Amino acid sequence: MAGVTVAAGVMAFLLAGGFIAWIFQDMREATIHSQLGHAQIVRPGFYEKGIADPYAFLLSASGREEQLLAGMPGVVAVTPRLVLSGLISHGETTVIFAGEGIDPVRERPISSRISLLAGNDLNGMDERSVLLGEGLAKSLGAKPGNTVVLLATTATGSASALELTVAGIFATVTKEYDDSAVRLPIAMARKLMRVDGATSWVVLLDETARTPSIIDAVRAVLPASGLEVVPWTALADFYNKTVVLFSKQVTVMKVIIGLIIVLTISNTLTMSVMERTAEIGTSLAVGVPANAVMRLFVAEALLIGMLGGTIGIAMGYLLAHVISAIGIPMPPPPGMAHGYSGQILVTPSLALDAFVLAMVTTLLASAFPAWKAGRMNIVDALRYGQ
C-alpha cells in the first residue's frame, strides 16, 4: 500500500506537471510564431522611448546588417516591421488601431501560429489590403471585402489617410492584441506614415532552445552598428507572468504530494517497527549495531520509493500519451478569445523531478522510524508482546 501511494503521488505529479509544461510550450511557441519571433533588432532605447516617437528609431530600408543576419547559422528568417497607430473607420464607426507594416512573404514563417478566421492572407508588398484582428473587426462591423480608411499622424506631424480593402480577419493567442491589431503590407504602411525603413527586424530561429547562443552570436557580429538585440523573453510579459504563476502552483502541488507520501510511508514504517519489536530486540541482543538496524529501515523506505517512483513514472507516461491522443477540451482562459484542446507533455526533466520527489520523501519518512528502531531498549524489546 505504501508503494501504491508513492506511485499514485508520482503519477499525479507527472500528469499535472505535464499539463502545465505543455501549456508553457504551446504558449511559448504561439507567442513566438504569432507576434514576437525569437528576437528583434531595434535601435537602442526603442522599447523605452519608441512608443512616443517610434520614427526617431528607424532602421534602414535595406541595411547590410539585415542581409548579414539572414545568412547566419540557425537563422530561418529575418523580416522588417513598421509600427503605426491611428484611427480606422468603416461606415459610421471609427476606433483606435495599433498596426504593423509587414512583408507578407517573409513574415509567413514567423506568423505561422496566427489563425486566419475569414478571408485571405496578404500576398504582396504593394497590395492595397489589410488584415484586421478579430476584436477590431467586430468593433468596426467589418468583413472581408469591405473598405476601411486608416487615418494617422505622419512622422512630420501632418495628417495622412489611406483607403484599403479588408483581405481577412485573424486571431492570435492574445485577445487584447486582437482587439486593436491591424496588419498591412509594409509598403502601404510606409506610404501612410511617409517614412522609409522599419522600426524593427524580427528574427526567427530554427530552434527555440538555441535562442541564447544564437543571440550571443548575433550580438558579436553587430558590435559597432548601434543596434540592440532583444530576445523574445524580454518582450513576452504575459507569458512570463503565466510561467511564474503556474510554477508556484507546481511547487505547491509538489509540497502537498510530498507531505502525503511522507505521512504514509512514515506511518507504514512506524507500524513495521512496532510489529518487529521482538526481532529488533533479538538483533540488538546478538550484537547487530544500532546503525545497521537503522539502515535496514532506511533501505526499505528507499526500495519503496524506487519501486513506487518507477511504476508511477511508467503509468504517468502511459496515461499522458492516452490523454494527449484524446485531448483535453479547455475553455478560453483569461486574455484569450478561444478555447483549445490541451495535452500532457512529460519531459525527461519532469520525470526526473518526480523520481527525486519519491526518493527524497521516502527517505525523510524513514528517519523517525529508523531512529526509533535503533534507539530501542533491548530488554523492553525482548519482553514486547509477552
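Analyst: Glu107 is buried, with a relative accessible area of 1%; buried means under 20% relative accessible area, exposed over 50%, and partly exposed in between, with a 1.4 Å probe and protein chains only. This is a predicted model, in which local features need pLDDT of at least 70 and side-chain atom pairs count only at pLDDT 80 or more, while totals for chains, interfaces and linings use all residues. Residues are numbered from 1 along each chain as its sequence is written, and side-chain values use heavy atoms, with hydrogens and water left out.

User: Which side chain is joined to that of Glu107 by a polar contact of 2.5 Å?

Analyst: A polar contact is a pair of N or O atoms within 3.5 Å; within protein, one must be able to donate a hydrogen and the other to accept it, and residues adjacent in sequence count only if both atoms are side-chain atoms. Contact in general means heavy atoms within 4.5 Å. Leaving aside neighbours within four places in sequence, Glu107 is in contact with Thr79, Ile102 and Arg183, among others. The polar contact of 2.5 Å is with the side chain of Arg81.

User: Is Ile96 buried or exposed?

Analyst: Ile96 lies in strand β3; strands (E, at least two residues) and helices (H or I, at least four) are DSSP runs numbered from the N terminus. Beyond four places in sequence, Ile96 is in contact with Gly86, Leu87, Leu136 and Ser180. Because its relative accessibility is 64%, Ile96 counts as exposed.

User: How many of the eight residues of helix α7 are buried?

Analyst: Helix α7 covers residues 186-193. Its buried residues include Ile186, Met188 and Leu192, and the buried residues of α7 pack against β2, β3, β6, β7 and β8.

User: What radius of gyration does the chain have?

Analyst: The C-alpha trace spans about 100 × 50 × 30 Å along its principal axes. The radius of gyration is taken over C-alpha atoms, and the globule rule is 2.2 Å times the number of residues to the power 0.38. A compact globule of 386 residues would have a value near 21 Å, but the chain has 30 Å.
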